[in-house]
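Please look over the sequence and the model first, and then read on.

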Amino acid sequence: MGKGNHFSGQPLYSQVIYLLNKSKILHVSHENGGERYTKRFNCRIHLVVNG
């Protein structure tokens with residue numbers, strides 16, 4: 001049984017992360033004070049790593 005022709009070569013999680021709008025995530029985070037105490041990782045990186 002072979003793989004289908006529609007497989008993009010990426011895991012499903014990376015495909016979903018690719019669809020998220022980086023600028024909108026950061027904008028909402030800044031509006032709500034989510035980036036106030038960050039030093040190295042912004043909210044998008046936390047979302048990707050902890051997802």
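## Overall fold

Helices (H or I, at least four residues) and strands (E, at least two) are DSSP runs, numbered from the N terminus. Read along the sequence, the chain follows the pattern α-α-α, with three helices and zero strands.

This is a predicted model, in which local features need pLDDT of at least 70 and side-chain atom pairs count only at pLDDT 80 or more, while totals for chains, interfaces and linings use all residues. Residues are numbered from 1 along each chain as its sequence is written, and side-chain values use heavy atoms, with hydrogens and water left out.

## Surface and burial

The chain exposes about 4900 Å², of which carbon and sulfur atoms supply 58%; accessible areas come from the Shrake-Rupley method with a 1.4 Å probe. Of the 51 residues of the chain, 8% count as buried, where buried means under 20% relative accessible area with a 1.4 Å probe, protein chains only.

## How α2 meets α3

Helix α2 (residues 22-31) and helix α3 (residues 43-50) pack at an angle of about 115 degrees, with their axes 9 Å apart. That makes α2 roughly perpendicular to α3, a term that covers angles of 65 to 115 degrees; the axes are lines fitted to C-alpha atoms over the stretch in contact, and angles run from 0 to 180 degrees between N-to-C directions.

In this packing, Lys22, Ile25, Leu26 and Ser29 of α2 meet Cys43, Arg44 and Leu47 of α3, contact meaning heavy atoms within 4.5 Å. The residues of the contact divide into four nonpolar, one polar and two charged, with Leu, Ile and Cys among the types counted as nonpolar, and Lys and Arg among those counted as charged.

## A closer look at Ser29

Ser29, found in helix α2, counts as buried because its relative accessibility is 10%. Leaving aside residues up to four places away in sequence, Ser29 touches Gly34, Glu35 and Cys43.

The side chains of Ser29 and Glu35 are joined by a polar contact of 2.9 Å, that is, a pair of N or O atoms within 3.5 Å, of which, within protein, one must be able to donate a hydrogen and the other to accept it, and residues adjacent in sequence count only if both atoms are side-chain atoms.

Technical notes. Angles under 35 degrees count as roughly parallel, over 145 as roughly antiparallel, 65 to 115 as roughly perpendicular and the rest as oblique. Buried means under 20% relative accessible area, exposed over 50%, partly exposed in between (1.4 Å probe, protein chains only).
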